[in-house]
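This briefing sets out computed features of a predicted model. It is grouped by topic for reference beside the structure.

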Amino acid sequence: MLNVVLFQPEIPHNTGAIGRLCLATGARLHLIKPLGFSLEDKHLKRAGLDYWQEVDVRVWESWEELRGQVSSDAAVYFIECQGTTDHWDADLTTPEVFLVFGPETRGIPASVIDPDKCLRIPMQGTRSLNLATAAGIVMYEALRQRTRAGIPS
């Protein structure tokens, strides 16, 4: 299964849009607290439209709580500007993949990141992308790889 993890997301409409992407790709969405908004926020629901109730969402109190539930066979990748491996060069075909994205204004803390599993989206002329855009880019690369490998979503 493809899993998208938002570490302490701050902006509700980004989370709503990513939830919609998760529904479209068959991915599960994990939210790590604290959240910068309520799950009842109108902007979250507006971005997710009427699909939000169909999104497979799990909310976790901390990174450690989620990490404790992740199989040792799972591939966990951190998507950050400082990554040294392009996202398309990572093997996203393992049965269980977790794509971890940080908060919009701060990124993922160094205490959470495994530097050997840090991926980047190549870009020019800007230091970063909108979180929902970045998530969509990496999720659809994972979907492409998994489809070519014959892995059902």
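- Leaving aside residues up to four places away in sequence, Tyr 77 is in contact with Ala 90, Asp 91, Leu 92, Val 97, Phe 98, Leu 99, Val 100, Lys 117 and Leu 119.

- Strand E2 is largely enclosed by the rest of the structure, because 5 of its 5 residues are buried.
- Arg 28, His 30 and Ile 32 point one way from E2, while Leu 29 and Leu 31 point the other way; all are buried.
- E1 and E2 run parallel and are joined by 5 bridges, with Asn 3 standing opposite Arg 28 in E2.

- Arg 28 is placed in strand E2 (residues 28–32).
- The relative accessibility of Arg 28 is 18%, so this residue counts as buried, the limit being under 20%.
- Not counting residues up to four places away in sequence, Arg 28 touches Met 1, Leu 2, Asn 3, Val 4, Cys 22, Asp 56 and Arg 58.
- A salt bridge joins the side chains of Arg 28 and Asp 56, at 2.8 Å from N to O.
- Arg 28 belongs to strand E2 and Asp 56 to the loop between helix H2 (42–48) and E3, so this pair ties together parts that are 28 residues apart in sequence.
- Asp 56 counts as partly exposed, at 26% relative accessibility.
- Arg 28, Asp 56 and Arg 58 are linked in a network of salt bridges.

**Other salt bridges**

- The structure holds 6 salt bridges.
- In one of them, Arg 106 pairs with Glu 10, and the closest N and O atoms are 3.2 Å apart.
- Arg 106 lies in the loop between E6 and strand E7 (118–120), and Glu 10 lies in the loop between E1 and H1; the pair therefore ties together parts that are 96 residues apart in sequence.
- Arg 106 counts as exposed, with 51% relative accessibility.
- Glu 141 forms a salt bridge with Arg 144, the closest N and O atoms being 2.7 Å apart.
- Glu 141 and Arg 144 are 3 residues apart in helix H4, so about one helical turn separates them.
- Glu 141 is buried, with a relative accessible area of 10%, whereas Arg 144 is partly exposed at 36%.

**The end of helix H1**

- Thr 25 is found in helix H1 (residues 12–25) and is buried, with a relative accessible area of 3%.
- A polar atom of the Thr 25 side chain lies 2.9 Å from the backbone oxygen of Leu 21.

Technical notes:
Residues numbered from 1 in each chain as written. Predicted model: local features only at pLDDT ≥ 70, side-chain atom pairs only at ≥ 80, totals over all residues. Heavy atoms only, no water. Helix = DSSP H or I, 4+ residues; strand = E, 2+ residues; numbered from the N terminus. Buried < 20%, exposed > 50% of the residue type's maximum accessible area, 1.4 Å probe, protein only. Contact = heavy atoms within 4.5 Å. Polar contact = N/O pair within 3.5 Å; in protein donor to acceptor, adjacent residues only side chain to side chain. Pairing = 2+ DSSP bridges. Salt bridge = Lys/Arg side-chain N within 4 Å of Asp/Glu carboxyl O.
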